[in-house]
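Me: Hi! Could you walk me through this structure in plain words?

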Amino acid sequence: MKKVLFVASECVPFVKTGGLADVVGSLPKNLDKNKFDTRVILPQYQCMKEKYKERLKSVCYFQMDNRIYVGINTLVEDGITYYFVDNNQYFSGSKPYFDLFSDLERFAYFSKAVLSALPLIGFRPDIIHAHDWQAALVPVYLNTVFQGDPFFQGIRTIMTIHNIRFQGCWNVGHLRWVTGLPSECFQPGKLVSPYQDTSLPWDEWNATMLRGGIVYSDWVTTVSESYAYEIQTPAFSDGLDDILKWRRERLMGIVNGIDCQVWNPKTDQFIAKNYDVRNFWNSKKENKLELQKRFNLPQNGDIFTLAIVSRLTDQKGLDLVDGIMDELARRNINLIVLGSGDQRYENMFRYFSSKYPNKISAKIGYDEELSHLIYAGCDACLVPSAFEPCGLTQLIALRYGSLPIVHEIGGLKDTVKPYNQYEGTGTGFSFQGYSSSELLDRINHAEWLYRENTNEWKAMAKRAMKEDWSWTNSSKKYEGLYDSL
Ligand code: ADP
């Protein structure tokens, strides 16, 4: 049996700020338990729910490098063993992330503590699967600082990029200080770009933890095939295209799945009326009425209802939505928004909700339960992201028979099949050029189809609901990769 250790900074059900937590929470459960013993190691945040903290059992504690405390605690949840790295100084506070400057130090500590703890916890992984920049130093430490220790020899590493925008980047001076890595790691081509302006003093060069993870790991994966291709180009790589192109033989895109028990309109306890593909049409209207009530909109089951459930950041294409809000409000439609993030977009949705209270309604905040009702009650979900590594929103929307309207990019391109009226195929609507007018054009088309060709709409919603976006297919691909190592 192969032993696999996931290293990540967040994981459902313990702590979540985005899609990374969903993936780390559900992928281990979906791997073949007869072939893989998969465990997960996380920081032990003070903000973790009390009910989990109460169940923790101590595994060991020690001084790393003879000076810094590391405690390892564990619990078993849903058949998976989770380890937690405990250090009050680093992981106290009300949220998992703070400012980047201090986060760099916290996650450098975390990555080194994970490796330092391995000889003491009774679990020697064959493969370490590191997720995102917060865990990216694990392959770096493993292949430098820990290299001489026979215990670590033969351990293979995979680095998964969930979003290349976040890289853990600072100057060499600071990163050397917080990581304690040898100087060889900060030469061009390692944590430092080969295109670094070398006329600057060495301490001022830019160094990037994620780059280190990509350079030092055996394999690199990301969360959709299109994104794996896109990040090899300067437009999407945020400065890492050189190393990703260099490593392309060992770069693979595997699309994320969703947890189909959590996201199941037939059993979902957070929606007004459960449904499946046979009775979705009328049941979705009942959910829509409840949704309108919750969002203080006039109740009418026939109004074409668009929804956005999202972090409110530049990535999510909300500048395109901004450009068409007045136009949308002229139509007989609803727009429902649930999200939080940048002030600019929070205020934009607040403004339009008060300007058009009968048509547009936004709740600013994070509300998992309410998101279920939105997916069940809306007709179409907007996901016009400027870039999208995979995206879970559109997968959930498909499962709930709410058709996604998406920018044809990254994971959105790989998971939403554009409507083709001649062939009677497709599961949503997509546009290629990143512009408000193209987005509006797709919304117009969707609205027209919903109203004027309802049978076509229903057929498309059925196709969407029947698709399988569970982990079944993708977990097989990860298993194949683990086998090949
Ligand atoms: P990202 O990881 O970039 O935020 P994804 O589409 O991969 O985007 O994942 C977003 C997940 O977070 C989805 O499950 C979505 O339903 C959920 N989500 C986003 N914003 C909110 C919110 N304000 N309230 C509840 N759930 C949210």
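The chat below goes through the ligand, a residue and the cysteines.

Me: What should I know before we start?
Reply: This is a predicted model, where local features need pLDDT of at least 70, side-chain atom pairs count only at pLDDT 80 or more, and totals for chains, interfaces and linings use all residues. Residues are numbered from 1 along each chain as its sequence is written, and side-chain values use heavy atoms, with hydrogens and water left out.

Me: Which residues come nearest to the ligand?
Reply: Of the 19 residues around the ligand, the nearest are G19, R311, G365, Y375 and L392. A residue counts as near when one of its heavy atoms lies within 4 Å of the molecule.

Me: Which helices and strands each supply at least two residues of that shell?
Reply: They are β12 (304-312), β13 (333-341), α15 (368-377) and α16 (393-399). Helices (H or I, at least four residues) and strands (E, at least two) are DSSP runs, numbered from the N terminus.

Me: And how many shell residues are nonpolar, polar or charged?
Reply: The shell has six nonpolar, eight polar and five charged residues. Here Ala, Val, Leu, Ile, Met, Phe, Trp, Tyr, Cys and Pro are nonpolar, Asp, Glu, Lys and Arg are charged, and the others, Gly among them, are polar.

Me: What do the ligand's oxygen atoms sit by?
Reply: One oxygen atom of the ligand is 2.7 Å from an N or O atom in the side chain of R311, and for the side chain of K316 such a distance is 2.8 Å. A ligand nitrogen atom is also 2.8 Å from a polar backbone atom of G365.

Me: New topic: is N334 buried or exposed?
Reply: N334, in strand β13, is buried, with a relative accessible area of 1%. Buried means under 20%, exposed over 50%, and partly exposed in between (1.4 Å probe, protein chains only).

Me: Which side chain does N334 have a polar contact with?
Reply: That of Q292, at 3.1 Å. A polar contact is a pair of N or O atoms within 3.5 Å; within protein, one must be able to donate a hydrogen and the other to accept it, and residues adjacent in sequence count only if both atoms are side-chain atoms.

Me: Why don't C378 and C381 bond?
Reply: Because the sulfur of C378 is 3.9 Å from that of C381, its closest cysteine sulfur, which is too far for a bond. C378 is buried at 0% relative accessibility, and C381 is buried at 1%.

Note on methods
A disulfide is a pair of cysteine sulfur atoms within 2.5 Å.
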